[in-house]
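Hi,

Here is the structure I promised to send over. My notes on what turned up in it follow below.

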Amino acid sequence: MSHSSPDAHEKAFSHVISFGKDEMESALDCLTTTIQALPSDSLIVVDFDETLWLRNSTEEYLNSLRPRWAAILVLAAIDLVGRWIWFGNHVSRHVYRDWCRVLLTTLFLPWSLPLWRWRAPRLASQWRNNELLRILSARPELPIHVATFGFNIVVGPLVRHIVPTARMSCAASLLFGYKIRKKGKRAHLEALLGLNDLTKAAVISDSEDDADLLEVCKNAFLIRWAKSQFKPAFSESYRPFYYTQRVKRPGGNYMCYGVLFEDVAFLWIALAWTMPFPVVGMLALLVVHLSFWVIYELGYFENDTAAAKREKAPNVPSGTAEAVRRMKSGPAWIVALLLGIAGGAILTRYNAQSVHGLQGLEWAQAFVGFCGIWLLYLIASRIAFWVYNRTNTELRAYVYVILQVFRSIGYTIIIDCNSVGGALLLALVFARWQPYLTYRFAGVYRPVSYRLLTAFYLIVLALSSAMVSLTSFFFVQFFVALSWSLLLAQTQLRELITRSSVSDKA
């Protein structure tokens, strides 16, 4: 007997009985009949997360970490670094991500485990699966083995208050939590219980990650419980750059390719090049621009939520409505100010002479002066986005360029810049503005690569400068700027050359 549902994954099992969340009545009847018919020498293997307990224990543990801001920063750092090192594909993510998150946050916030044990009785009672427990209680003589990819130190306190007689037969350790996920539940339980007993067991799970275990057991149930819910840790807490990365520009790692490789890299070439300590200046510009982006992101969010309210058929990201609970201006301003203070401290400590109006001042005076200037810059950029979000579509075409100025060449109001740096940042503004003008006035977005346009405008500005003085522009900084622009546009450049070749042959 096999049941399928739209909630279930498409992967099929030869003998597994599966039910979706809309088939609870059938699932309970079938499970009850099977459990009552089990021989007296059988055993029951039960998954924990979203089965015996109707939440995900790892996410709930992480969500319990305090202070919240410290936990959020650690988790964000783990995901950022892990995306490059450990979590490059689905398998690596499954094996290493939760282990890194639990281990590192527990080490960083060591009071978390005692607090979790103190909360365990209330949490266990709040989300225990009473429907499943009622069925299992009909055969109290059958041993219950809990098998989970969750962590023993997290799941154990909950199990003791849900099924005190159950045995934690398969769970991850804190120090080596990745091993159980690499090995799989079947191999672990087979070594513990023996293949013969495991084969006769009844297995109850909600996840196809348990495919190896479900396949080997005679009575295997894959049930998506109606009251279960996967709720990521801090899902309603503010996280900087979340809206940009996951909602506004999902899947493209825009914080890396759009912000770091474009905005920050161009600022490095344009501004840090002439600083007395350019490497330290690069670090300062990175932190300062992240401060700016936190506020710029608020404008993104406001733009989408305003469009959803005033337009009949708004073109807004699918996750905007859900992000309303997460995006909060107060925490965003706090993060932006903290980043701005950190960036300002680095910048004025080593490169104060590159900041307009701060030359010759003591470090403390230069630092306070920069913080005041930067606060005004953030406020002005926020006002510009506020105006943009409230103007009609025709006027937006002109306000949009102001946003791009704040994002790039506006920094030259604060920091010294030579002619090459100014031309590079101005080229970036023009390159981003041109496709937007086409979109607003023609009503159609044309896939023109602004990265290629950046290189084009830079060359045009360089040639214009060469008419005045040939040697004032064409030196190493210019060629680095042009090379980086062409490197970013290499895909579009190849496509352009290919299309030109095909056109010539035709």
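This is a predicted model: local features need pLDDT of at least 70, side-chain atom pairs count only at pLDDT 80 or more; totals for chains, interfaces and linings use all residues.

Let's start in the sheet: Val46 has Ile204, in E5, as its bridge partner. Residues are numbered from 1 along each chain as its sequence is written, and side-chain values use heavy atoms, with hydrogens and water left out.

Back to the strands. E2 and E5 are parallel and pair over three bridges (DSSP has to find at least two bridges for two strands to pair). E5 also runs parallel to E6, with four bridges joining them; Ser205 has Leu222 of E6 as its bridge partner. From E5, Ala202 and Ile204 point one way, Val203 and Ser205 the other, and all are buried (under 20% relative accessible area; exposed is over 50%, partly exposed in between, with a 1.4 Å probe and protein chains only). E5, helix H11 (residues 211-216) and E6 form a right-handed β-α-β unit, meaning that with the strands pointing away from the viewer, the path from the first strand over the helix to the second runs clockwise.

Next, helix H1, which covers residues 24-36. Its buried residues are Met24, Ala27, Leu28, Cys30, Leu31, Thr34 and Ile35. They pack against strands E1 (17-19), E2 (44-47), E5 (202-205) and E6 (219-223), plus helix H6 (130-136).

Leu31 turns up again in the largest nonpolar core, of 79 residues: along with Val45, Phe48, Leu52, Leu158, Ile162 and Trp225, it touches the most other members. (A nonpolar core is a set of buried Ala, Val, Leu, Ile, Met, Phe, Trp, Tyr and Cys residues joined through side-chain atoms within 4.5 Å.) Another core lies apart from it, with 71 residues, among them Leu267, Ala284, Phe478 and Leu482.

Beyond residues up to four places away in sequence, Lys231 touches Glu59, Glu60 and Glu236 (contact means heavy atoms within 4.5 Å). Glu59 is 172 residues from Lys231 along the chain, yet their C-alpha atoms are separated by 7.0 Å.

Cheers

Note on methods. Helices (H or I, at least four residues) and strands (E, at least two) are DSSP runs, numbered from the N terminus. The expected span of a helix is 1.5 Å times one less than its number of residues.
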